[in-house]
Amino acid sequence: MIPRLKPCLGWEEFLALIMPSRKNEVERFEKSFAELAGQKYAVAFPYGRTALIILLKAMGFKNSEVICPAYTCVVVPHAIVYSGNKPVFVDSQEYDFNMDLTRVPEAINEKTAALIPTSVFGYPVNLDQLDRIREKYPGLFIIQDCCHSFFAEWKCKPVHKAGDAALFSFNISKMITSIFGGMVTTDRDDVYERLVETYEESLNKPTWKKALMRRLYLTAVYPAFTEIGYGFVNLLERKGVLGGLVDYYDEAKIDMPEDYLVGITKVEAKVGQAQAQRYYKIVENRRESARYYDEHLKDIPGLKLPPLVEGATYSHYVPRVSNRKAIMGQALKRGAQLGQIIEYCVPVMEAYKDRLVSSCDYPVSSRMAQETINLPIWVDKKIAKQIGKILSDHN
Ligand SMILES: *Cc1c(COP(=O)(O)O)cnc(C)c1O
């Protein structure tokens, strides 16, 4: 079985799991991540979505509008709602899956507080276009959502620094993982101070029970991502046993995990530190896989390949097809698990369609939601060839 997802977990992560944690693991994680990001401050959270809620609250935004992509992870608008604000959605551009920044001015009014440009699938946000928006609206608070992209660059400029703060997630499906966990980075002293203050007011310390549960979860997950383990996990997934791990949202509900206001645990922070050390190697590997796919899949009819973009980090490699379900089924029979990723356009979801600030169409995002197919991106050449064969046989 070729799994779609394969976190890069090694000996260091295993040690983090079995050895006792030091007192200041969370501070160490924050410090090492800030260094990796080349930024002044980093604050760790139990989830990326919690990080966003607390950041919006910390900035004092209330009953305001926050602009985000229509094509993004659904937890982003959920977090905006939980922070007491309203999400306003902007459609995507065809080329690289990102929000069409040229349409942002139409969405801005006197209630707008923040903009969340997002480097979807690791494609860097167009910073030239963003600069024009920032010049025109200097008061707009910019949060770079780097949960997919981490340190992607637009024309050699790191996207995560092009704003007031940046958001990261370390859940198990991200480029580097601490199993769960999120982070905000910033260079602004005032943002950092407000963030820490709101954190203290809003979050509880993890209990020993949560710490134990996370250790057990990690212990269970760890072998699952080895070669043999994955076949088993995949079996459970197909049988619907792992509901919680795979289906992370409910079409009709805006909700949060039960422990979203309980701090990140030391063991997660320790795994996160080990993962941060692997970041550059992981990205290099993904770029190689993307180039390899690009070269070997380009002649397959019916498959529209995603672009190769300088500075992109390819958290996902997502061709577009018209018959996604059939291809996924075929591939699974032949031993490859292809995924669907962001298979929804948020503003047309049950939970959001009655909450829209303005009525507006999202044709590009809606089409992407139907057509994207997610190939394994951790692959070596042999596996890429196999996937190529499955896809070309299908067409
Ligand atoms: C994963 C993700 C998040 C945050 O996810 P959490 O599971 O809450 O850590 C935010 N934005 C995007 C685009 C994501 O993919």
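**Figure 1. Salt bridge between Lys40 and Asp189.** In this predicted model, the side chains of Lys40 and Asp189 meet in a salt bridge with an N to O distance of 2.9 Å (a salt bridge being a side-chain nitrogen of Lys or Arg within 4 Å of a carboxyl oxygen of Asp or Glu). Lys40 sits in the loop between helix 2 and strand 1, and Asp189 belongs to helix 7 (residues 189-202), so the pair ties together parts that are 149 residues apart in sequence. Helices (H or I, at least four residues) and strands (E, at least two) are DSSP runs, numbered from the N terminus. Lys40 is partly exposed at 49% relative accessibility, and Asp189 is partly exposed at 34%. Here buried means under 20% relative accessible area, exposed over 50%, and partly exposed in between (1.4 Å probe, protein chains only). The structure holds 22 salt bridges. Residues are numbered from 1 along each chain as its sequence is written, and side-chain values use heavy atoms, with hydrogens and water left out. Because this is a predicted model, local features need pLDDT of at least 70 and side-chain atom pairs count only at pLDDT 80 or more, while totals for chains, interfaces and linings use all residues.

**Figure 2. Salt bridge between Lys210 and Asp259.** The side chains of Lys210 and Asp259 form a salt bridge (3.4 Å, N to O). Lys210 is part of helix 8 (residues 208-224) and Asp259 of the loop between helix 10 (243-246) and helix 11, so the pair ties together parts that are 49 residues apart in sequence. Both Lys210 and Asp259 are buried.

Figure 3. The closest N and O atoms of the bridge between Arg334 and Asp393 are 3.1 Å apart. Arg334 lies in the loop between helix 12 (324-333) and helix 13 (363-371), and Asp393 in helix 14 (residues 381-394), so parts that are 59 residues apart in sequence are tied together by the pair. Arg334 is partly exposed, with a relative accessible area of 39%; Asp393 is partly exposed at 39% relative accessibility. One network of salt bridges that share partners joins Glu94, Lys304, Arg320, Arg367 and Glu371.

**Figure 4. Surroundings of Asp164.** Asp164 is found in the loop between strand 7 (157-158) and strand 8 (165-169). With a relative accessible area of 14%, Asp164 is buried. Its side chain makes a polar contact of 2.8 Å with the side chain of Arg188. A polar contact is a pair of N or O atoms within 3.5 Å; within protein, one must be able to donate a hydrogen and the other to accept it, and residues adjacent in sequence count only if both atoms are side-chain atoms. Not counting residues up to four places away in sequence, Asp164 touches Leu140, Phe141, Ile142, Thr186 and Arg188, where contact means heavy atoms within 4.5 Å.

Figure 5. Gln275 lies in helix 11 (residues 266-297) and is buried, with a relative accessible area of 1%. Leaving aside neighbours within four places in sequence, Gln275 contacts Cys8, Leu9, Glu13, Met175, Ile176 and Thr177. His78 is placed in helix 4 (residues 75-82) and is buried at 4% relative accessibility. With neighbours within four places in sequence again left aside, His78 is in contact with Lys253, Ile254, Asp255, Met256 and Tyr352. The C-alpha atoms of His78 and Leu52, 26 residues apart along the chain, are separated by 9.8 Å.

Figure 6. Phe121 has a positive phi of about 55° although it is not a glycine. Phe121 lies in the loop between strand 4 (112-115) and helix 6 (127-136) and is buried at 0% relative accessibility. Cys156, also not a glycine, has a positive phi of about 70°. Cys156 lies in the loop between strand 6 (153-154) and strand 7 and counts as exposed at 66% relative accessibility.

**Figure 7. Loop residue Gly38.** Gly38 is located in the loop between helix 2 (25-37) and strand 1 (41-45). Its relative accessible area of 43% makes Gly38 partly exposed. Leaving aside neighbours within four places in sequence, Gly38 is in contact with Lys161 and Asp187.
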